Amino acid sequence: MARRPRPQLVKLTEEAARRVEEIMTEKGAGYLRVGVKNGGCAGMEYVMDYVDAPAELDEVVEDNGVKIVVDSKAVLFLLGSIVDYETTLLHEKFVFRNPNQTDACGCGESVTINPAAVE
């Protein structure tokens, strides 16, 4: 029996991919690593860090011509997410459009995320 293809863990919009490429070019090497951590009034926060190389269990995602690393502990929380980059008059920031997110605090810094159901 053939295995069902794995869905792409995280997708990046063209704007997000362009910004990741700019950031990593400025940095000169390595990867942008995304994940989640416990914190904030809603329970969790999205985090982004620079890493020289993926950790042993991290997932490398390639989309729109760039590679990012997803923290292995965040996989079930980020499955199906779209990472976008927004520019408005007041801010420029990465935005996570996450189907597993069920709530957010008023300031938008923390979120409530339920792990994705795995079949």
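I started with the contacts of D84. I left aside its neighbours within four places in sequence, and then D84 touches T13, E15, A16, K93, F94, V95 and R97. The model is predicted, so I read these as contacts in a model.

Next I asked what joins the side chains of D84 and T13. I found a polar contact of 2.7 Å between the two side chains.

Is D84 buried or exposed? Its relative accessible area is 13%. Buried means under 20%, so D84 counts as buried.

Then I looked up where D84 sits, and found it in strand β6. Strand β6 covers residues 81–87.

I moved on to the sheet. It is open and has three strands, in the order β1-β6-β7. The pairing is mixed. Which strands stand at the edges? They are β1 (10–12) and β7 (92–97). Each has a single partner strand, so one side of each is left without a neighbour in the sheet.

I checked the pair β1 and β6 by itself. These strands run in the parallel sense, and three bridges link them. Here K11 stands opposite I82 in β6.

Last, I looked for a helix on this sheet. Helix α1, residues 14–27, packs on it and touches β1, β6 and β7. The direction of α1 makes about 75° with that of β6.

Note on methods. Residues are numbered from 1 along each chain as its sequence is written. This is a predicted model: local features need pLDDT of at least 70, side-chain atom pairs count only at pLDDT 80 or more; totals for chains, interfaces and linings use all residues. Side-chain values use heavy atoms; hydrogens and water are left out. Two strands pair if DSSP finds at least two bridges between them. Helices (H or I, at least four residues) and strands (E, at least two) are DSSP runs, numbered from the N terminus. Contact means heavy atoms within 4.5 Å. Axes are lines fitted to C-alpha atoms, for helices over the stretch in contact, and angles run from 0 to 180 degrees between N-to-C directions. Buried means under 20% relative accessible area, exposed over 50%, partly exposed in between (1.4 Å probe, protein chains only). A polar contact is a pair of N or O atoms within 3.5 Å; within protein, one must be able to donate a hydrogen and the other to accept it, and residues adjacent in sequence count only if both atoms are side-chain atoms.
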